[in-house]
Amino acid sequence: HATALRTMTLVFVYGTLKEGYPNFPVNHGRRRAGQFETARPHPLYVVGERWVPWLMQQPGEGLTVVGELYEVHPATLVELDALEAVGQPNGYQRVELEVRERGADGDEPVILAQAYLKRPEQLQGQAIQAGPLHDYPHDLALRYRRASA
């Protein structure tokens, strides 16, 4: 069991990979109980004509962002990286992010998790539909459109 845990990766999801959201079927991770949020503020925008949530690599700006934490098997991580176009010019970068359990008093330990973020320069020329947001709500997720193949 300890070996299995070592191969698992903690992933913080804030957008379409959350439970009940459009890309959740790709997320085969095991959800950790509780609600989590970024330890530091980061801008979360809904961007473009496809209404895609973008968490920006701009720590200290925006708001703390609420999300869910998943223990993810390596094969699922490969699928998530593909969905998020990691390594592609317009894709997300999977980076380590500090998160905390939500509603705690500030003394709780920081948890290091992987998360999919966009670089600030990717926002140039993009239409911001909403944000910065504290949470990515269902009503905005209903407007999300997958990329056409």
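What percentage of the 149 residues of the protein count as buried? The share is 44%, where buried stands for a relative accessible area under 20%, exposed for one over 50% and partly exposed for what lies in between, with a 1.4 Å probe and protein chains only. The model is predicted, so that local features need pLDDT of at least 70 and side-chain atom pairs count only at pLDDT 80 or more, while totals for chains, interfaces and linings use all residues. Residues are numbered from 1 along each chain as its sequence is written, and side-chain values use heavy atoms, with hydrogens and water left out.

**Overall form**

The protein has three helices and nine strands, which follow one another along the sequence as α-β-β-β-β-β-β-α-β-β-β-α; helices (H or I, at least four residues) and strands (E, at least two) are DSSP runs numbered from the N terminus. With a radius of gyration of 15 Å, close to the 15 Å that the globule rule gives for 149 residues, the protein is as compact as a globular protein of that length; the radius is taken over C-alpha atoms, and the rule is 2.2 Å times the number of residues to the power 0.38. Of the contacts with a separation of 6 or more, 72% join residues 24 or more positions apart, contact being heavy atoms within 4.5 Å.

Three strands form an open sheet in the order 5-4-9, with antiparallel pairing; strands pair if DSSP finds at least two bridges between them. The edge strands, strand 5 and strand 9, each pair on one side only. Two bridges join strand 4 to strand 9, and Val-47 stands opposite Ile-128 in strand 9.

In the loop between strand 5 and strand 6 lies Gln-58, which is buried, with a relative accessible area of 18%. Leaving aside neighbours within four places in sequence, Gln-58 is in contact with Pro-41, His-42, Pro-43 and Pro-120.

The buried residues of helix 2 (residues 74-83) are Thr-76, Leu-77, Leu-80 and Asp-81. They cover an arc of only 140 degrees around the axis, which puts them on the same side of helix 2; the arc is that of the directions from the helix axis to the C-beta atoms. On the other side, Val-78 and Ala-82 are exposed. The strands against which the buried residues of helix 2 pack are tabulated here.

| Strand | Residues |
|---|---|
| Strand 1 | 9-13 |
| Strand 6 | 66-72 |
| Strand 7 | 93-101 |
| Strand 8 | 111-117 |

Helix 2 is followed by Ala-85, whose phi is positive, near 55 degrees.
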